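Come and read along with me.

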Amino acid sequence: MRPSALADVLHTARHLADVVMVDCAGGLPQTLGGFDVSTAEPGAATAGVLDAADSSLLVAAGDPVGLVRLAHALDATTDVLPDIAPLGVVNRVRATAAGRRPDRHVRDTVARIAPGHPVELLPDDPEAADRAVLRGQPLPLVAPTSPLTVALAAVADRLIPASP
């Protein structure tokens, strides 16, 4: 998508919805200032989205490699978007990848390698996730009491506080 078209899409989406989420796969641009978002340079679309962002959500795998990548991404995002505190989300947290008491281990690891950055954990629940995909329905409808459903609700609550 051309960056100018993306800007139009974001503008329209903000008028049509209370919350707009954009998945920016790939790396972060080194800087937004001076980045020519009107070009087709790699990262131009990501830079345009980040420049318009109110918040940033970084998702990483719940294994040692994913946690290191998350730490680098949190630092890079803070450098690129100093006015937005990124929220780290660790996906598929499980004992087989993080050891006994995986929640505590992942939180301690993130606190050590990326101090000061908030993080939410999503437990690995392949049965519930697969059931939702096979049925073509949202996870909360298929597995309302699943630990993954509960954790996703916590992430949503953190990003979108309830109205008074």
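I searched the whole structure and found four salt bridges (a side-chain nitrogen of Lys or Arg within 4 Å of a carboxyl oxygen of Asp or Glu). I kept in mind that this is a predicted model, where local features need pLDDT of at least 70, side-chain atom pairs count only at pLDDT 80 or more, and totals for chains, interfaces and linings use all residues. Residues are numbered from 1 along each chain as its sequence is written, and side-chain values use heavy atoms, with hydrogens and water left out.

I looked up Asp 54 and saw that it pairs with Arg 14, with 3.2 Å between the closest N and O atoms. Asp 54 sits in the loop between helix 2 and strand 1 (57–61), and Arg 14 is in helix 1, 40 residues apart (helices, H or I of at least four residues, and strands, E of at least two, are DSSP runs numbered from the N terminus).

Next I noted Arg 158 and Glu 120, whose closest N and O atoms are 2.8 Å apart. Arg 158 belongs to helix 8 (residues 147–159) and Glu 120 to strand 3, so this pair ties together parts 38 residues apart in sequence. Glu 120 counts as buried at 13% relative accessibility (buried means under 20% relative accessible area, exposed over 50%, partly exposed in between, with a 1.4 Å probe and protein chains only). Arg 158 is partly exposed, at 41%.

**Two helices**

I then checked helix 3 against helix 5: Leu 67, Val 68, Leu 70 and Ala 71 meet Val 106, Thr 109, Val 110 and Ile 113 (contact means heavy atoms within 4.5 Å).
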